[in-house]
Amino acid sequence: MTIDDARLIELPRFNDPRGNLSFVEQHNQVPFKFERVYWIYDVPGGENRSGHAYHTTEELIIAISGSLDVIVDDGTNKRTFTLNRSYYGLYIPKGLWRTLTNFSTNSLALEIASTPYDRADYVEDYGTYKRMKQHGEI
């Protein structure tokens, strides 16, 4: 996988004066069957989160409230995606390093994952990640 495989997905949006609505469905807006949903919140403004890759997990990240940047890295190239609209999700396939950064105050990031939580699926050391990419292990 390369950074070109990560992409923004526009989600359905129903505008209404009483409040807007968006949704996701697996194999429709979410290009995989999902097994886990989690969210990141109470991150102090400007802080970073993450800094890992997955062996098998695919993700869709949505900034439900506020904004954040997601830096996607394939070991050679990097690309920054700014998430600041709740009707866009960032699809990140397995095997790409991601860092969540530049959280706005009171932001809320929703993450939809293709696998249940498994600590063994994480690669958390960037040097190890680069070696694994060079050898085709991830």
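**Close-up views of strands and aromatic rings**

Phe23 is partly exposed, with a relative accessible area of 29%; here buried means under 20% relative accessible area, exposed means over 50%, and partly exposed lies in between, computed with a 1.4 Å probe on protein chains only. This is a predicted model, in which local features need pLDDT of at least 70 and side-chain atom pairs count only at pLDDT 80 or more, while totals for chains, interfaces and linings use all residues. Residues are numbered from 1 along each chain as its sequence is written, and side-chain values use heavy atoms, with hydrogens and water left out.

**View 1. Aromatic pairs, including Phe14 with Phe23.** A search of the whole structure finds eight aromatic pairs. The ring centres of Phe14 and Phe23 are 6.2 Å apart and their planes stand at 15 degrees, so this pair is stacked. Rings of Phe, Tyr and Trp (its six-membered ring) pair if their centres lie within 6.5 Å, and planes under 30 degrees apart count as stacked, over 60 as edge-to-face and the rest as tilted.

**View 2. Trp97 and Tyr129 form a tilted aromatic pair.** Their rings are 5.5 Å apart centre to centre, with 45 degrees between the planes. Trp97 belongs to strand S10 (residues 97-101) and Tyr129 to helix H1 (residues 126-134), so the pair ties together parts that are 32 residues apart in sequence. Helices (H or I, at least four residues) and strands (E, at least two) are DSSP runs, numbered from the N terminus. Both Trp97 and Tyr129 are buried.

**View 3. Strand S6 (residues 59-65) is largely enclosed by the rest of the structure.** The reason is that five of its seven residues are buried. S6 runs antiparallel to strand S9 (residues 88-92), to which four bridges join it, and Ile62 has Gly89 as its bridge partner there. With strand S11 (residues 108-113), S6 pairs in the antiparallel sense over six bridges, and in S11 the bridge partner of Ile61 is Glu111. Two strands pair if DSSP finds at least two bridges between them.

**View 4. An open sheet of five strands has the order S8-S7-S10-S5-S12, with antiparallel pairing.** Strand S8 (78-83) and strand S12 (122-123) stand at the edges, each with a single partner strand, so one side of each is left without a neighbour in the sheet. Two bridges join strand S5 (residues 49-54) to S12, where Tyr54 stands opposite Tyr122. Tyr54 and Tyr122 also form one aromatic cluster with Tyr117.
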